Amino acid sequence: MTDTIVQTFHPLDPLAENEFKQAVAILRRDRGVDGRWRFASMELEEPSKPELVAFDHSGTVPERRAVIVCFNRDSNSTYKASVSLTEDKVLSWVCLPGVQANITHDEWLEAGAVLRSHPDVVQALHRRGITDLENMLVDVWAYGDAVIPVQYRGRRLAWSDSWLTTPGGANLYAQHIKGFHCVIDLNTMELLEIEQGNPLEFPAVMAEYIPRHIPERLRDSSARGALRPLQISQPEGPSFTLRGNHLEWQNWSLRVGFNYREGMTLHKVAYNDHGRVRPIAHRISFAEMTVPYRDHCADHYRRTAFDIGEWGLGFMTTSLELGCDCLGEIRYLDAVLHNSKGEPHTIKNAICIHEEDNAVLWKHVAYDGSAEVRRMRRLTISFHVTVANYEYLVYWRFYQDGNIECEIRATGLMVTTAVTDGEPHPHGTLVDERTYAPYHQHFLTARLDLDIDGTHNTVYVSETEVVPTGPNNPYGLSLRQKNIPLRTEEDGKQDYNWETQRAWRVVNENVTNGLGTHPSYKLVPGAAIPAMFDPSSPVLRRAEVISHTVWVTPNHPGERWPAGEFVNQSGPGLGLPEWTAANRSIENTDVVVWYTFGIHHVTRPEDWPVMPVDTASFWLKPVGFFDRNPALDVAPTASEMCHGAGGR
């Protein structure tokens, strides 16, 4: 169901179509930004916390501002602007020497078209016996500083991979043209270089995943049997309320945002604790995604993607479909973005909001056989992105007992490379005839601006200790919990420890709960994978955020991007290592927790030709935030919905 959502204004609402148009018009009028410029990014300049407090308390509307990054193709110069939509004027206009903005989707399309039709490319492919260029995909990748060819430094560059679809097939990533790569200037669309490599005859692979292209023996489902309908029905509608971008459900309240870089963002997350609305998080989102391919060969050594900083999750967000992506009584939110001309466009159904049954919430059967049981309902807010060959499905889930779960599912098509008969492939797994998929890792960094019962918090590392066997612990049974406050940014660089079940608690020491302790939320780590890089590796130095599971910093509005604001063609030491060098205090202040987790993808034949979802998740759990189980007041399931012992 997609009934009309009541629209209300809030200062955190994402930019609307008319605001994109206004911002572009202001820069064209006042700064001469003509058609030779590209608009790399535009987003809302979010109001500060004091401005939002003033709006909530007195209705004072803060100035509506947009942040714009654009670049002049002719001069290869990048500018960052702050524009007042309220006052219809430019507030700041700054040139950023040596900086390359994110690559735009328009550049990706244009570069692919140029390379497919370039006579030098056509001739080089003909020498390989490849003449059907209509079925060739040119996939353009960004550069990191360490691998930029010396002769092209200072230019806006990209490098390309090329792929052929199997004749009559649909998988655009079926056959990698091994060793064949182009270097292109994205400003001029000039082909700078062709890396020819050593031609290799294509192996006979079965790379298809659409039924009509799959051989009969592989799509015959008679042995599996048909699935009977499974219907989810909420005849009275959902239990949540959506007004504009404001969402309320089962004591939870929050605002849903969206921008080009992070995709979906969540704001002002709070819980109504028996009439007292208690803040938990001011803002939570994903701030970077780093995907290094762990294969040094000529085809893969450049292949480290920063999908958020180099491209933007928002730009790659796809429309969701009822019955396929989301089930049940659904409400959707659209998202407005723009192309490189600054023209706005709308992604329909970009965000899905729905409830899910999740088995039992709590239960106990007494000695007399009587039982109390409550089923668990959870609220799920999701969006999906297609990043070239991969899909990432993002789910934030809110539970009736105060828990918050973040889950990422990765699926899509793996990158593969052909080898000769008998050729070793130590950095990947054989997935088809003479075809291997290189090992790689998916690192996601969540930016968690938590405000537990207020803005002044302290983060504690929380670990379980084994009490030594002795007179006070004769059977070696006792455990104790050790909680150590993190007082400086150096303390805040933390790594996961399985042996002590290390976790991190965000505590408000200025507030006391009914038990006389301080309320907190615990970051329960999941999918905390190690970086596995030599410390001197230029990839690690460029993505130093992945060297620690957790970083803690004092909140600063300019510190949003853990690998640096401008990641395209970036060098080492940007973002978190740069900020934390000051070793600022993180005690009893407004803190941000940066959590890196992900998928250590040792590829499998079962991931080919399309990958079943792999899942990574973490939790935010209340610890002393409530005095007891906050789900005691959840109503039991109606008796007519429960089948007795004699039921079917």
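**Note on cavities, pockets and annotated sites**

1. Three cavities of 30 Å³ or more turn up in this model. A cavity here is a set of points, on a 1 Å grid over the protein atoms alone, where a 1.4 Å probe fits but cannot get out. Grid points are joined across faces, edges and corners, and a volume is the space filled by probe spheres set on the points.

2. The model is predicted: local features need pLDDT of at least 70, side-chain atom pairs count only at pLDDT 80 or more, and totals for chains, interfaces and linings use all residues. Residues are numbered from 1 along each chain as its sequence is written, and side-chain values use heavy atoms, with hydrogens and water left out.

3. The largest cavity holds about 60 Å³. Its lining consists of Leu12, Pro14, Glu43, Leu44, Glu46, Gly257, Phe258, Asn259, Thr265, His267 and Arg283. The elements giving two or more residues to this lining are S1, strand S12 (252-259) and strand S13 (263-273). S12 gives the most, with three residues. Helices (H or I, at least four residues) and strands (E, at least two) are DSSP runs, numbered from the N terminus.

4. By class, the lining of the largest cavity has four nonpolar, four polar and three charged residues. Ala, Val, Leu, Ile, Met, Phe, Trp, Tyr, Cys and Pro count as nonpolar; Asp, Glu, Lys and Arg count as charged; the others, Gly among them, count as polar.

5. Next, the pockets. A pocket is an open set of points with protein on both sides within 12 Å along at least five of seven lines; lining residues, for cavities too, have an atom within 4 Å of a point. The largest pocket has a volume of about 1600 Å³. It is lined by 42 residues, and Ser233, Gln234, Glu356, Asp357 and Arg377 lie nearest its centre. Strand S17 (344-365), strand S18 (371-387), S19 and strand S20 (404-412) are the elements that give two or more residues to that lining. S18 has the largest share, eight residues. The lining divides into 17 nonpolar, 14 polar and 11 charged residues.

6. At least two lining residues come from each of strand S1 (37-44), helix H2 (49-58), strand S2 (65-72), strand S3 (77-84), strand S4 (89-95), strand S14 (276-292) and strand S24 (440-450). This lining splits into 17 nonpolar, 12 polar and 15 charged residues.

7. UniProt, in an unreviewed entry, places the feature "active site" at Asp307 and Tyr390. UniProt positions are given in the numbering used here, feature names are shortened, and annotations may be inferred rather than shown by experiment.

8. Asp307 belongs to helix H6 (residues 307-311). At 5% relative accessibility it counts as buried. Buried means under 20% relative accessible area, exposed over 50%, and partly exposed in between (1.4 Å probe, protein chains only). Leaving aside neighbours within four places in sequence, Asp307 is in contact with residues including Glu288, Met316, Val387 and Tyr392. Contact means heavy atoms within 4.5 Å.

9. Tyr390 sits in strand S19 (residues 390-399). It too counts as buried, at 2% relative accessibility. Residues up to four places away in sequence aside, Tyr390 touches, among others, Tyr293, Val385, His440, His442, His601 and Met611. Its side chain makes a polar contact of 2.8 Å with the side chain of His440. A polar contact is a pair of N or O atoms within 3.5 Å; within protein, one must be able to donate a hydrogen and the other to accept it, and residues adjacent in sequence count only if both atoms are side-chain atoms.

10. Arg502 lies in the loop between strand S26 (479-485) and strand S27 (503-507). It counts as buried at 18% relative accessibility. A polar contact of 2.8 Å joins its side chain to that of Glu463.

11. Thr318 is in the loop between H6 and strand S16 (331-338). Its relative accessible area of 27% makes it partly exposed. Thr318 and Val385 are 67 residues apart in sequence, but 5.6 Å apart in space, C-alpha to C-alpha. Not counting residues up to four places away in sequence, Thr318 touches Ile347, Asn349, Ala350, His384 and Thr386.
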